[in-house]
Amino acid sequence: EAAAETVLVARRAFDGTILAEQELKLESAPRSTTKAMLKRSIAQPEDPADELISAGAPAATFWFFDFDRNLRYPQAEFDASIERRGDEHRLTIRAKTLLRDLILNADRADPAAVVSEQLVTLLPGESFTFVVRSQKELTVDELTRHPVLQCANRFGASG
């Protein structure tokens, strides 16, 4: 379908601070893509190892300026809570720091478990709820310890 929307694009420090922002009015025809020109203040980082570009509000798309091994990711910090309804576990992660490409390997806690999503990136202060289907009663601790819950932060220069 045709789409038209305004998207907020921002260059941010890994701590979530907005360093530069731009509002883009985008339109696309059915089954097409649209290109947009970013301001230099967005496209050129001051510190490529500690900055990213986010698009959307809340951010839905991210672009990093370098390879993981060169980025100074913070130590991953978050709060977690769980709510269970039958075989559905709703694990909510609230980021205290940037969490890059968060994955939930629920099958490591229960080989029959199925999780709703993977590779979720969160900025500090954002949250996401994973839906895990499992007959086993899973706890927050089981679902948030390594290697069940992981993110790319550990592959960075500071990780």
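Which residue forms a salt bridge with Glu 142?

**View 1. Salt bridge between Glu 142 and Lys 136.** In this predicted model, local features need pLDDT of at least 70 and side-chain atom pairs count only at pLDDT 80 or more, whereas totals for chains, interfaces and linings use all residues. Residues are numbered from 1 along each chain as its sequence is written, and side-chain values use heavy atoms, with hydrogens and water left out. The partner of Glu 142 is Lys 136, with the closest N and O atoms 3.4 Å apart; a salt bridge denotes a side-chain nitrogen of Lys or Arg within 4 Å of a carboxyl oxygen of Asp or Glu. Glu 142 is buried at 15% relative accessibility, while Lys 136 is partly exposed at 37% (buried: under 20% relative accessible area; exposed: over 50%; partly exposed: in between; 1.4 Å probe, protein chains only).

**View 2. Salt bridge between Asp 87 and Arg 133.** The N to O distance of this side-chain contact is 3.5 Å. Asp 87 lies in the loop between strands E5 (78-85) and E6 (88-95) and Arg 133 in strand E10 (residues 127-133), so the pair ties together parts 46 residues apart in sequence. Strands are DSSP runs of at least two residues, numbered from the N terminus. Both Asp 87, at 27%, and Arg 133, at 42%, are partly exposed.

**View 3. Network of salt bridges linking Asp 87, Glu 88, Arg 90 and Arg 133.** Glu 88 is buried, at 15%, and Arg 90 is partly exposed, at 28%. The whole structure contains 14 salt bridges.

Key: Helix = DSSP H or I, 4+ residues; strand = E, 2+ residues; numbered from the N terminus.
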